[in-house]
Amino acid sequence: MTRPHPHHTTPCRLPEDAVPDPVSVTLTHLSAPVGGSKRLTGHLVRPDGPGPWPGVVVAHEVMGANDEMLRQARRLASAGYLTLMPDLYTDGGARRCLIPTMRAALSGHGRAYQDIAAARTYLVDDPDCTGAVGIIGFCMGGSFALMAAGSGIFDAASANYGQLPKDMDQALAGACPIVASYGGRDRQLKGAAAKLDSALDRLGVVHDVKEYPQAGHAFLNDEQFGPRLLHPLYRVAGLGPVPEASVDAWLRIEAFFDSHLKHTTKA
């Protein structure tokens, strides 16, 4: 496992309530011409204080660009990143977009990748962006983050409990540095962390991959999803927040991004 940067310090991060509220932005002019969504919006969060800042694109979970994902975006902004989450369900809503978007996440093909690239372009074009841009994804978005890591357009990627590419050697050859987090109780992703770690070692990709034995899927969420009546079942199944694992994972993510985004300046 390639871990050139020790994670023993707490990254400097402002309280999230010091970060301005997300604002809705239109990305259609960047997505439609390149084969992405004909209508695309996103949520932009600017850090407090003067820029420029590195950028981060947030690829949301399967539940969509919900309040949970907005809180994650604000957390990244509080850490000093110009943060943009494209709503991959804009053009048709979750009912029409969910299945094709999930298929795209696993296949590596589909308009969602053009939408993600459009979000990156929006950040790069912002005068308050340094030009260094990373991507972070959760659940379905974690799969997008892994696929996008090998696209050559991002400087760092964070994949959180995302499905692995079917052909990792092909998808991840030449990938940007990757930090990834998985839960040992995630029944859908048994052994995923070890497989990803081994593949990135083999490919020579700088990475930090860790599995949390006590955690399951969506452990980085700060609230349990779904109807309250089902929360006990989710906990038994290992789904939902695990604060101890979440704290450690965020320390690793922020330290990794600090090394590969804040210390990188693009012309």
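Five aromatic pairs occur in this structure, where rings of Phe, Tyr and Trp (its six-membered ring) pair if their centres lie within 6.5 Å. The rings of Tyr-81 and Phe-257 are one of these pairs, with centres 6.0 Å apart and planes at 70°, so they sit edge-to-face. Planes over 60 degrees apart count as edge-to-face, under 30 as stacked and the rest as tilted. The model is predicted: local features need pLDDT of at least 70, side-chain atom pairs count only at pLDDT 80 or more, and totals for chains, interfaces and linings use all residues. Residues are numbered from 1 along each chain as its sequence is written, and side-chain values use heavy atoms, with hydrogens and water left out.

**Aromatic pairs**

- Tyr-81 and Phe-257 link distant parts of the chain, 176 residues apart. Tyr-81 lies in the loop between helix H2 (67–78) and S4, and Phe-257 in helix H9 (residues 243–262). Helices (H or I, at least four residues) and strands (E, at least two) are DSSP runs, numbered from the N terminus.
- Tyr-81 has a relative accessible area of 1% and is therefore buried. Phe-257, at 0%, counts as buried too. Buried means under 20% relative accessible area, exposed over 50%, partly exposed in between (1.4 Å probe, protein chains only).
- Phe-138 and Trp-250 form a tilted pair, 6.4 Å centre to centre with 45° between the planes. This pair also links distant parts of the chain: Phe-138 is in strand S5 (residues 129–138), Trp-250 in helix H9, 112 residues apart. Both residues are buried.
- Tyr-161, Tyr-212 and Phe-219 make up one aromatic cluster.

**Helix H3**

- H3 (residues 93–107) has 15 residues and reaches 21 Å from first C-alpha to last. That is close to the expected 21 Å, which is 1.5 Å times one less than the number of residues.
- A kink of about 30° lies at Ile-99, shortly before Pro-100. The bend is the angle between axes fitted to the seven residues ending at a residue and the seven starting there.
- Cys-97, Thr-101, Ala-104 and Ala-105 are buried in H3. The buried residues of H3 pack against helix H4 (111–125) and helix H5 (140–149), with contact meaning heavy atoms within 4.5 Å.
- Gly-108 follows H3, with a positive phi near 85°.

**Asp-87**

- Asp-87 sits in the loop between strand S4 (82–86) and H3.
- Asp-87 is buried without a salt bridge, a side-chain nitrogen of Lys or Arg within 4 Å of a carboxyl oxygen of Asp or Glu. The nearest side chain of opposite charge, Arg-39, is 7.8 Å away. Lys and Arg count as positive and Asp and Glu as negative; His and the chain ends are not counted.
- Not counting residues up to four places away in sequence, Asp-87 touches Leu-40, Thr-41, Gly-42, His-60 and Ala-65.
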